[in-house]
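Please open the structure in your viewer and keep the selection tool at hand.

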Amino acid sequence: MSKKVLTAATIALGAALSLTGVAHAEPNGDPHKFFDFTTEFVSATDPAAVNAKAAGKLLIASPYGTSHTIACRGTNTVDLYDCMQEDDLGWITLQKTETPLGTTWIYVP
């Protein structure tokens, strides 16, 4: 009987923790803190980059593409004002540039 209770408790705890992770996946409500916005970016070398602006995505011109975390300040893809990308040595500040394909954040070592 105790194995069933323990199993049920473990499943309930796992479900609660997974829902907590989903809540943290939402865009940051505090525009002054860095938050992971990697999913909002498309690599400039990706074929999807041509339609990034129409899809509401931002471009990243970086040797890492979207394979390394991109953290930004702001509340959504329109209001982002400060982005950094994790590289092999730590974090590097990205430079924002407007292009015909949309807003592009450039990795400049």
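Predicted model: local features only at pLDDT ≥ 70, side-chain atom pairs only at ≥ 80, totals over all residues.

Of the 109 residues in the chain, 28% are buried. Among the contacts with a separation of 6 or more, 41% are made by residues 24 or more positions apart.

Now switch to a cartoon view and follow the chain from the N terminus, where the elements run α-β-β-β-β-β-β-β, that is, one helix and seven strands.

If you select Phe 34 here, you will find Arg 73 of strand 4 standing opposite. Strand 4 also pairs with strand 5, residues 82–87, in the antiparallel sense over four bridges, and there Ile 70 stands opposite Gln 85 of strand 5. Move on from strand 5 to strand 6, where the pairing is again antiparallel with four bridges, and select Met 84 to see its bridge partner in strand 6, Thr 93.

Then go to strand 3, which runs parallel to strand 7 and is joined to it by three bridges; the bridge partner of Leu 59 in strand 7 is Thr 104. Strand 3 pairs in the parallel sense with strand 2, residues 41–43, as well, over three bridges, and Phe 41 has Leu 58 of strand 3 as its bridge partner.

Which residues have the most contacts inside the largest nonpolar core? Select Phe 41, Cys 72, Leu 80, Cys 83, Leu 94 and Trp 105, which hold that place in a core of 13 residues. The elements that give two or more residues to this core are strand 3 (58–61), strand 4 (70–73), strand 6 (90–99) and strand 7 (102–107). In general, nonpolar side chains in soluble globular proteins tend to be buried together.

Stay with Cys 72 for a moment and show its surroundings. Leaving aside residues up to four places away in sequence, Cys 72 touches Lys 33, Phe 34, Phe 35, Phe 37, Phe 41, Leu 80, Asp 82 and Cys 83.

Finally, look for the aromatic pairs, of which the structure holds two. One is formed by Phe 35 and Phe 37, an edge-to-face pair with 5.8 Å from centre to centre and 80° between the planes. Phe 37 is buried, with a relative accessible area of 3%. In the other, the rings of Tyr 64 and Tyr 107 have their centres 5.7 Å apart and their planes at 75°, so this pair is edge-to-face. Because Tyr 64 lies in the loop between strand 3 and strand 4 while Tyr 107 lies in strand 7, the pair ties together parts that are 43 residues apart in sequence. Is Tyr 107 buried or exposed? Tyr 107 is buried, as its relative accessible area is 14%.

Methods. Residues numbered from 1 in each chain as written. Heavy atoms only, no water. Core = buried A, V, L, I, M, F, W, Y, C linked by side-chain atoms within 4.5 Å. Buried < 20%, exposed > 50% of the residue type's maximum accessible area, 1.4 Å probe, protein only. Contact = heavy atoms within 4.5 Å. Pairing = 2+ DSSP bridges. Phe/Tyr/Trp six-rings, centres within 6.5 Å; stacked < 30°, edge-to-face > 60°.
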